[in-house]
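Biologist: Please show me the sequence and the model. Then I will ask about the fold and the helix packing.

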Amino acid sequence: MATSTLPPSLAEAALRFKHAATEISDTYEARRPDKTNQVTPAQLTEAIEQFLSIIERIDREEGKIGPIAKDDATQLGDYGMSLIADLSAWAVQLNLPVPRLDLEIVTLAAADWLVRHDGQIRTLEPVVNALANFANRAHDPATLEPLITLMGRVAQATVKLIKEDLEKHNPGRPWRVLHLNRGIVATRTHNTELMEKVFDDLVRYLPEDAAAFFAEGMQQMEELDYPPHVRQVMHRYFDLWTRPRMH
């Protein structure tokens, strides 16, 4: 099932979820263990259905943008994305790649809902993984530009503690992966204005990674034969961040 729009709509998310949940539950029931201490796919499915129903109702009753009156968007969004992550773990455990991809689209729709309602993203990793996998499957520049926008909105909505980036010893931390992937996707758009904006964000949030990122970017310019206007921007940032500085 191809994704036509980004961010995905809640209607598309509900459809994706239905497909994924049915396949995961059917596979689980066919291989069902006698006893399990884990929350079952059926229990998770019921909870996620309730979550999707609640956020659809909020959009309908309170509008699609802005803070919400009756619920805490941060708490509700975090709860829903945790449930989706738990069901995704079952998809991985049962070796079901298509439902796992469907649930990533549901994750992106939930993250977009949270951002639209001025919530904060507390659990960043599943969102970053979903964005990365979407980027790997996207080849059309028309798809890449909305992806950059969504990545930027996710970064802005991330909780302050994650933005403080205290786990610098961990190269796989989602905050770092998000900005590096956004830089790569921006380069793939060939849109120099977008590249400059994203590169400026990258050096602001990951200054210690800037030199290596632009050095790798220069190598890619040669290997993948990027057009001159794209090379020019990459070269400028490479010079700026790898040239010895006067102190």
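**Fold and helix packing**

Modeller: Of the 247 residues in the protein chain, 46% are buried (under 20% relative accessible area, 1.4 Å probe, protein chains only). This is a predicted model: local features need pLDDT of at least 70, side-chain atom pairs count only at pLDDT 80 or more, and totals for chains, interfaces and linings use all residues. Residues are numbered from 1 along each chain as its sequence is written, and side-chain values use heavy atoms, without hydrogens and water.

Biologist: How many helices and strands does the protein chain have?

Modeller: Elements are DSSP runs numbered from the N terminus: helices are H or I with at least four residues, strands are E with at least two. From the N terminus, the order is α-α-α-α-α-α-α-α-α-α-α. The count is eleven helices and zero strands.

Biologist: What is the radius of gyration of the protein chain?

Modeller: The C-alpha trace spans about 65 × 40 × 35 Å along its principal axes. The radius is taken over C-alpha atoms, and the globule rule is 2.2 Å times the number of residues to the power 0.38. For 247 residues a compact globule would be near 18 Å; the protein chain agrees with that, at 20 Å.

Biologist: Which residues of helix 3 meet helix 2?

Modeller: Contact means heavy atoms within 4.5 Å. Helix 2 brings P41, L44, T45, A47, I48, F51, I54, I55 and I58. From helix 3 come L76, G77, Y79, G80, L83, I84, D86, L87 and W90.

Biologist: How do helix 5 and helix 8 run, and at roughly what angle do they cross?

Modeller: Helix 5 (residues 125-137) and helix 8 (residues 174-189) have axes that come within 10 Å and cross at roughly 20 degrees. That makes helix 5 roughly parallel to helix 8 (angles under 35 degrees).

Biologist: Is A212 buried or exposed?

Modeller: A212 sits in helix 10 (residues 210-223). Its C-alpha atom is 8.4 Å from that of T242, 30 residues apart along the chain. The cut-off for exposed is over 50% relative accessible area. At 52% relative accessibility, A212 counts as exposed.

Conventions
Axes are lines fitted to C-alpha atoms, for helices over the stretch in contact, and angles run from 0 to 180 degrees between N-to-C directions. Angles under 35 degrees count as roughly parallel, over 145 as roughly antiparallel, 65 to 115 as roughly perpendicular and the rest as oblique.
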